[in-house]
Amino acid sequence: MEIQSTPAITVLFALPDEARAFCKTEVSKSVRVHISGVGAKKTQKAVETLFPHPSEQALLLIVGFAGGLSGSLPVGSLIVAESVVNPLALHKELKSDSLLLAQAEAVQLTGVTKVQGKLVTVPNVLTTVAEKKVCAQNTGAIAVDMETFAGVQAAQARGVRCLAVRVITDGVDDTLPLDFNALSNAQGEPDRGKIVAHILLRPWKIPALIRLGTRSAKAANHLAQFLEVLITRLTNQ
């Protein structure tokens, strides 16, 4: 099936690990794939760089991993954001493009849970069950990430139609095996050197890290499958 070149589609990930499975698909060759880095500031800068001028023809998909805030969402669930909020300004709820939402709603993958709902973007990784439950209660969101709000806000300021799609790697009842906030570098990215040194002193955490890696790979594959179908629909509408 021939992939049309317009409207131009950009797929924005925060980390290479989120993008790896998608970049192995054929459809990835028909779009612009960009890695922003972790956090709101990097995401905003990426969107401003990718779209230096207002554009009503361009489409932006902000995608990647997320933490679950609802007990009904198993690992690997796809979250199509109807809206996204910032916990510091809950009155400002950014709505997703309605036409893109409709296209995403039409995509169904066998054996993969997909729901629409509210995302919340926070400045740090929520590592404990308690943190996740407080965030859910305070915001009404079903999933949490660190980039979407800034990306959507920057895109909407440029008239770029955008949609966020996230996939759950850890549920609301899961405590992460490491405090990734403490094991990041000065740029806010996971510091592999710090992580390895931390694990060498705490080898009992290795099984939990392996489980998280397995879950993340499963989540990345679900996201890649979804994007492949969605992008094909968008380029042939």
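**Ground rules.** I am working with a predicted model, where local features need pLDDT of at least 70 and side-chain atom pairs count only at pLDDT 80 or more, while totals for chains, interfaces and linings use all residues. I number residues from 1 along each chain as its sequence is written, and side-chain values use heavy atoms, with hydrogens and water left out.

**The ring pair.** I found one aromatic pair in the structure. The ring centres of Phe13 and Phe22 lie 6.0 Å apart and their planes meet at 40 degrees, so I noted the pair as tilted. The rule I used covers rings of Phe, Tyr and Trp (its six-membered ring): they pair if their centres lie within 6.5 Å, and planes under 30 degrees apart are stacked, over 60 edge-to-face and the rest tilted. I checked Phe13 as well, and it counts as buried because its relative accessibility is 1%.

**Whole chain.** I counted seven helices and eight strands; these are DSSP runs (helices H or I, at least four residues; strands E, at least two), numbered from the N terminus. Along its principal axes, the C-alpha trace spans about 50 × 40 × 35 Å. Of the 237 residues, 51% count as buried.

**Helix 5.** I then turned to residues 148-157, where seven of the ten residues are buried. Those are Thr148, Phe149, Ala150, Gly151, Val152, Ala154 and Ala155. Just after this helix, I noted Gly159 with a positive phi of about 75 degrees.

**Ser216.** Which residues is Ser216 in contact with, leaving aside its neighbours within four places in sequence? I got Phe65 and Thr169, taking contact as heavy atoms within 4.5 Å. Ser216 sits in helix 7 (residues 206-235) and is buried, with a relative accessible area of 16%.

**Contacts overall.** Last, I looked at contacts between residues at least 6 apart in sequence, and 77% of them join residues at least 24 apart.

Definitions and conventions:
Buried means under 20% relative accessible area, exposed over 50%, partly exposed in between (1.4 Å probe, protein chains only).
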